[in-house]
Amino acid sequence: MGDNPGDVERTLEEQIAAYQREFQDLDPQVEKIVSALGRLNRRMNVAYGRQTATLGISNAEWEVLKALVLSGAPYQMGPGELAKRLGLTPAAMTHRIDRMVAEGLVTRERDETNRVRVNIELTGEGREKWLEAMRLATVFEEDLLQDLSAPERTALGEVLTRLLKRVEQAQPDAGGRLNDLD
């Protein structure tokens, strides 16, 4: 953040007060929850990005590795299926796969049983990067939740899952990654 007052993010309370000044129908409790979730998501993405950067991969590459691991052994998917899972255009997926093949994280091979189909498969190096990212994420996540008791963690998980399901039902086309959240 810079030295200019406009560069500093307002506290949640300041943000809500400003919103209420301009929009009197605002429910401050709802706004506090939604704003806190948005800020938490943004900051967690930054933290994860810093962690994956130390491993020499981007968050975007991490998403591909994760999708391949979630597909189960032999950790392969078609590029179209990957693109759909990640909410990407085929062109964007091709560009991402090109980088990852060059980095040795995945391979791109024709399916021997169907020569039209291409398979993207996780390499040993890609799996090691995924495992190391998981190790780093686990430490970060445990630290994040350290002040919550086991019952609080359970309750928070249940509440957030209910909110997520509501959004998924209301916005089923909201950008991929809907099939791998169950």
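Which residue in S3 is the bridge partner of Met 77? It is Ile 120. Keep Ile 120 in mind, as we will come back to it. One caution before we go on: this is a predicted model.

Now the pairings, one by one. S1 and S3 pair over two bridges, in the antiparallel sense. Strand S3 takes in residues 114-122. Six bridges join S2 to S3, and these two strands also run antiparallel.

In S3, Ile 120 is the bridge partner of Arg 108. Ile 120 also has Met 77 as a bridge partner. Next on the list is Glu 109, which stands opposite Asn 119 in S3.

On to the aromatic rings. The structure holds two aromatic pairs. Tyr 48 and Phe 140 make up one of them. Their centres are 5.4 Å apart, with 75° between the planes. That pair is edge-to-face. Where do the two residues sit? Tyr 48 lies in helix H2, residues 28-54. Phe 140 lies in helix H6, residues 124-144. The pair therefore ties together parts that are 92 residues apart in sequence. Phe 140 is partly exposed, at a relative accessible area of 21%. The cut-off matters here: buried means under 20%, so Phe 140 at 21% does not count as buried.

Then there are Trp 62 and Trp 130. Their ring centres are 6.4 Å apart and their planes are at 10°, so this pair is stacked. The pair links distant parts of the chain. Trp 62 is in helix H3, residues 59-70, and Trp 130 is in helix H6, 68 residues apart. Are these two buried or exposed? Trp 62 is buried, with a relative accessible area of 13%. Trp 130 is buried too, and its relative accessible area is 13%.

A word on H3 itself. The helix has 12 residues. From first C-alpha to last, H3 reaches 16 Å, close to the 16 Å expected at 1.5 Å a residue. Several H3 residues are buried, including Glu 61, Glu 63, Val 64 and Leu 65. Ala 67, Leu 68 and Val 69 are also among the buried ones. Just after H3 comes Gly 72, with a positive phi of about 85°.

Now the surface. There is a nonpolar patch with about 610 Å² of accessible area together. Among its residues are Val 30, Ile 33, Val 34 and Leu 37. Leu 156, Val 159, Leu 160 and Leu 163 belong to the patch as well. Which elements give two or more residues to the patch? They are H2 and helix H7, 150-170. Take Ile 33 as an example. Ile 33 is in helix H2, and it is partly exposed, with a relative accessible area of 45%.

Last stop: Thr 11. Thr 11 is found in the segment before helix H1, 12-22. At 38% relative accessibility, Thr 11 counts as partly exposed. Thr 11 and Ala 36 are 25 residues apart in sequence. In space they are 10.0 Å apart, C-alpha to C-alpha.

Conventions: Residues are numbered from 1 along each chain as its sequence is written. This is a predicted model: local features need pLDDT of at least 70, side-chain atom pairs count only at pLDDT 80 or more; totals for chains, interfaces and linings use all residues. Side-chain values use heavy atoms; hydrogens and water are left out. Rings of Phe, Tyr and Trp (its six-membered ring) pair if their centres lie within 6.5 Å; planes under 30 degrees apart count as stacked, over 60 as edge-to-face and the rest as tilted. Helices (H or I, at least four residues) and strands (E, at least two) are DSSP runs, numbered from the N terminus. Buried means under 20% relative accessible area, exposed over 50%, partly exposed in between (1.4 Å probe, protein chains only). Patches are made of residues with over 30% relative accessible area and no salt bridge: like charges are joined within 9 Å, nonpolar side chains (Val, Leu, Ile, Met, Phe, Trp, Tyr) within 5 Å. Accessible areas come from the Shrake-Rupley method with a 1.4 Å probe; for residues, only the protein chains shown count as cover. A salt bridge is a side-chain nitrogen of Lys or Arg within 4 Å of a carboxyl oxygen of Asp or Glu. The expected span of a helix is 1.5 Å times one less than its number of residues. Two strands pair if DSSP finds at least two bridges between them.
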